[in-house]
Amino acid sequence: MTSQPVSLRPKLSLRAALKDVLGGSAASVLTVTFGLSYALLIFAGPLAPYLSYGVAVTFISSAVLAAVIGVGSSLPFAVAGPESSTAAMTGILASSMVERIIAADPSAPLLAPVLLTLALASVATGIVLCGFGMSRMGRAIRYVPYPVVGGFLGATGCLILLGAVRVVTGQRLQLATLGRFGNILTLSELAAACAMAIVLYLTWHRSRSLFGLPAILVGGVIAAHIVFWLAGISLAQAQAAGWTFQPPPAVNFMLPWSIDAIRSYPWYNLPELSGNFIAVAFVTASSTLFNTAGIEVATQREANLERELNVTGIANALAGAFGGYTGCVSVSRSVLNFNGGGTGPLSGLTVAAISLLMLAFAPTLLGYMPKFVLGGLLIYLGADQLHKWIVQSRRRLSVVDYLSLLAIIVIIVQWLSLIHI
């Protein structure tokens, strides 16, 4: 009789571990899908030839953030990684650095300075978050005027939409480039991406089922290749026409802290980029607090705010040390893991392991991925962000606050257009 409880414990522990792994595996699908989209968002335009490095730093960031926050969070089922808002601000930072390098010397190398800039921003953000957590100043962020936070995050939604257009068509959406969007091929690519976004909204947005998103995306890829086959278009022809991505070379990874990279880094640009560094830290801190609150509401679990800021700060500092960029806890991935039965840190470790595994398989996936599938996902994410901060926020803001929020969005987007994002 006395041995029965002892024999039950391993079974219960094994069952809990299995649920953590399954929940983490489901969350990993979102991490992989979003990660590919964020890599394309950040490493676009002049950085497109270095996409393999973008994929590498994205999944390095995902692995470090998922492991550290999964183990250290006060919400043991939390799953973290790069988020749409943090990736958008990282994209702004990368584009700003590229613009300044090209303006100074069009033949100067881009990759090493950009990777070092992203790593510096991640380390700096980690230090700021730890400072908030240890000094208990993190709660003060909750008192930042709502229109300011909404304006920043709403502007990131605009950036994601603009980035989606660039991913799908290879062109910036600006007044000067509108003429390039008049051909049938470009309009067809945009129409397919918008259709994909609508499908995501009508299905996964409303149900949030465990395997809904991967099923939709895989279905989109299969449907696209069936259409190519029926039209007599080979994979090489689809890649040449711009319907699918050119497969990048094998994923490359390098630490940005080499002596040569540090010596040749354009340090004189840092004062001009200080506003971008502050924006990255602000959006990461705000996203951490808002996402934590969202997880608390969705799961009826209470989090320790100071601990969340500290562990997110440590995770970002470590991600930067390994050459990654910023991120935070994710509402969708954490809730998906929780609903799938995940209750412990093994879920985050599972996400980290799968993220590292993707370093070998991501280039192959991109070679078969139609642009409109990932572009449609970005359009959905950007539109969802804008809906949250422009439409839904109207219900709880006064007219003056709401107009202030819109003004901040317009000002930030206008500033982005001046630096050609």
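Q: What are helices and strands here, and from which terminus are they numbered?
A: Helices are DSSP runs of H or I with at least four residues, strands are E runs of at least two, and both are numbered from the N terminus. This model is predicted, and its protein chain comes to 17 helices and two strands.

Q: How many residues does the protein chain have, and what percentage of them is buried?
A: A residue is called buried when its relative accessible area is under 20%, and exposed when that area is over 50%. Of the 421 residues in the protein chain, 52% are buried. As for contacts with a separation of 6 or more, 84% of them join residues 24 or more positions apart.

Q: How does one read a nonpolar core, and which residues touch the most other members of the largest one?
A: Such a core is a set of buried residues of nonpolar types, joined through side-chain atoms within 4.5 Å. The largest has 79 residues, and those touching the most other members are Phe34, Phe43, Leu213, Leu366 and Phe372. Helix 1 (residues 3–42) gives the most to this core, namely 10 residues. There is also a second, separate core of nine residues, including Val64, Ile69, Ala80 and Ala319. To return to Leu213, its contacts beyond four places in sequence are Leu30, Phe34, Leu200, Trp204 and Leu377.

Q: How is an aromatic pair described, and how many are found in the whole structure?
A: A pair of aromatic rings is described by two values, the distance of the centres and the angle of the planes. A search of the whole structure finds six aromatic pairs. One of them joins Phe77 and Phe338, with 4.7 Å centre to centre and 50° between the planes, and is classed as tilted. This pair links distant parts of the chain, 261 residues apart: Phe77 belongs to the loop between helix 2 (51–72) and strand 1 (80–81), and Phe338 to helix 14 (residues 331–339). Phe77 counts as buried because its relative accessible area is 4%. Elsewhere, ring pairs link Phe228, Trp243 and Phe372 into a cluster.

Q: The charged end of which residue sits over the ring of Tyr402?
A: That residue is Arg394, whose charged end lies 5.3 Å from the centre of the Tyr402 ring.

Q: How can the span of a helix be checked, and what does helix 2 reach from its first C-alpha to its last?
A: The expected span is 1.5 Å times one less than the number of residues. Helix 2, with 22 residues, reaches 31 Å, close to the expected 32 Å. Because 18 of those 22 residues are buried, helix 2 is largely enclosed by the rest of the structure. Ala66 is placed in helix 2 and counts as buried because its relative accessibility is 0%. Leaving out residues up to four places away in sequence, Ala66 touches Ala80, Gly348, Val351 and Ala352. The C-alpha atoms of Ala66 and Val79 are separated by 5.7 Å, although the two residues are 13 apart along the chain.

Q: Is Thr288 buried or exposed, and what is it in contact with?
A: Thr288 is in helix 12 (residues 270–299) and is classed as buried because its relative accessible area is 1%. A polar atom of its side chain lies 2.7 Å from the backbone oxygen of Thr284. Beyond neighbours within four places in sequence, Thr288 is in contact with Glu308, Leu309, Thr312, Cys328 and Val329.

Q: Is Gln300 buried or exposed, and what is its phi?
A: Gln300 lies in the loop between helix 12 and helix 13. It is classed as exposed because its relative accessibility is 64%. Its phi is positive, about 60°, although Gln300 is not a glycine.

Key. Residues are numbered from 1 along each chain as its sequence is written. This is a predicted model: local features need pLDDT of at least 70, side-chain atom pairs count only at pLDDT 80 or more; totals for chains, interfaces and linings use all residues. Side-chain values use heavy atoms; hydrogens and water are left out. Rings of Phe, Tyr and Trp (its six-membered ring) pair if their centres lie within 6.5 Å; planes under 30 degrees apart count as stacked, over 60 as edge-to-face and the rest as tilted. Buried means under 20% relative accessible area, exposed over 50%, partly exposed in between (1.4 Å probe, protein chains only). A charge sits over a ring if NZ of Lys or CZ of Arg is within 6 Å of the ring centre and within 35 degrees of the ring normal. Contact means heavy atoms within 4.5 Å. A polar contact is a pair of N or O atoms within 3.5 Å; within protein, one must be able to donate a hydrogen and the other to accept it, and residues adjacent in sequence count only if both atoms are side-chain atoms.
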